[in-house]
Amino acid sequence: MVSALLISVGAVSGISAFLALLMVIADATIANYGDVKITINGDKELDVKGGKPLLGILMEEGIFIPSACGGRGSCGLCKVRVTEGAGQFLPTELPWLTEEDKAANIRLSCQLKVKNDMFIEIPEELFNVRQFRSRVSSLRDLTHDIKELRLELIDPAEIEMLPGQFVQLQTPEYELTDEPVYRAYSVSSDTKDRRRIELEIRLVPNGICTTYVHNYLKEGDEIIFNGPYGDFHLRETEREIIFIAGGSGMAPIKSILLNMADEGSTRRARYFFGARSTRDLFLVDKMRELEEKLPNFTFIPALSNPEPDDNWKGATGLITDVVADHLESGDNVEAYLCGSPGMIDACIKVLTDKGVPEELIYYDKFG
Amino acid sequence: MKQTPQMKKIQENMRPGVLTLRGFLGADTRDLVEILEGDAAEVRRIGTTHRAIADRMRYLRDQGMRGLGEFIDVEPHFEVRVDSVRGGIPSPFGDAGLIRKTNTTVRNKVLGREIFYTDVNIHLIGDHGFYEGRGSLFRMEPHELAEILEVETEQQQTELPG
């Protein structure tokens, strides 16, 4: 009796698995969704071949949706509003979608396959995003684990972007990946120079893109990126600016400061930069140069654990403690933060305790 | 133990390109159940448990978070850095929602050795006894974790001062 039951259960499971496998194979090989139309924001129409993920189809049409994982469904950035033609939510989308997202028909474009006519809505600024071919003109160590990568644009020859925005760098096939992978990095250079960009990239152990940049990429190599993306940029107000960053979080802040210098800004600004010891500090000379150019700007590097040989005479302690010591009050202050989620959360607490309204704290959280 | 259909499905999730580009199995061709049994035997040989190893990993990560992205000293002789990159990864076992890409580096200054692990590793080890397949980029060796992180063995735990 028991063995008959087990045989029946096994047979049903086996048939179900076989049918599921057949459906997957059929979808990948036989299914032909033909020509479909994607209508964007109610006016722009694309005639495309169906069957592939929306993210990839849009990319082929020159429309780039931000994605830090290259379409793997592991970053949750490529959200798009699909008002018609999307079908049921997929299990691979659900971890990334809030109840509000679902109610607003937000979908993960890297997971959603285009199988019939579709109506989507995307921010207008994404139409300005382009794919660029570029050449590595310099690659130098800023610290033992951060490199500065300078790229000269080849085609298109110029990029228009705001200081604080980021691009997605493509890592080609190499030892750690058998297909191109994209990762997001903030631009650190002066965005008035439209013919080149600089990135500051910290080595992540086992990281596909950072390992490529640190150990494989050479000056003279060609590399592809797309962008610009992001809304981390300086607001035009009269308030004092508090910048806080650590490690490669330096990048967007430096870009903002270079642009402030171009414009002859006289706004009061203080930049708190956290590192462990002097071997983790970088671009201090550049920041001192900016202090010369910007009359009301002060750079305050802080070391959490200076070595005896460092002969460090500057601020010491965690960056949160140093900010708390220096910032008298949050009145008429706005803040710009860039770093890991833990660092950002700790800084938000210090700033709000000082009276900085949360809505005036802008941040670029890596997490 | 025999590989169940549920384990087979989980092992499918671990293949390259399903949840992550490189997957969780590396070059390991064994069934998931064999991988789990192999590492469980190793953990028993060391004299500890998956839970104790994961708890130690989590403790050092939590201590390291105080460094706000930089290395910080943790008693008695560790340096720990906790860093994050954009994004998250669902567990191949389907039971932990989305796990942030948080990376912890621990230096044991006495041993002069360093180890790197992610929040996904902590979940996989603590909740499932899974250290990833041989050759996987994020494979953790139980004996290395136990040595470098100084995980207390059951023998040490019972040797209470008199």
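**Chain A meets chain B**

Let's start with the contact. Chain A brings 35 residues to it, and chain B brings 28 residues. As for composition, the side of chain A that touches chain B divides into 17 nonpolar, 15 polar and three charged residues.

A word on confidence. This is a predicted model. Its scores are ipTM 0.76 and pTM 0.82. Chain B has an average pLDDT of 91, and 95% of its residues score at least 70.

Now the layout of chain A. The domain assignment gives domain 1 as 35–126, domain 2 as 130–229 and domain 3 as 240–365. Between domain 1 and domain 3 of chain A, the C-alpha centres are 37 Å apart.

Next, a sheet in chain A. It is open, has five strands and runs in the order 2-1-5-3-4. The pairing is mixed. Where are the edges? At strand 2 (44–49) and strand 4 (106–108) of chain A, each of which pairs on one side only. From one strand to the next, the twist averages 40 degrees.

Let's zoom in on one pair. Strand 1 of chain A covers residues 35–40. Strand 1 and strand 2 of chain A pair in the antiparallel sense, over six bridges. Within that pairing, A:Lys37 stands opposite A:Asp47, which belongs to strand 2 of chain A. In general, the strands of a sheet pair through backbone hydrogen bonds, either parallel or antiparallel.

Terms used: Residues numbered from 1 in each chain as written. Chains lettered and ligands numbered in written order. Predicted model: local features only at pLDDT ≥ 70, side-chain atom pairs only at ≥ 80, totals over all residues. pLDDT = per-residue confidence, 0-100. Domains from an automatic or database assignment. Contact = placed C-beta atoms within 7 Å. Nonpolar A, V, L, I, M, F, W, Y, C, P; charged D, E, K, R; others polar. Pairing = 2+ DSSP bridges. Helix = DSSP H or I, 4+ residues; strand = E, 2+ residues; numbered from the N terminus. Axes fitted to C-alpha atoms, helices over the stretch in contact; angles between N-to-C directions.
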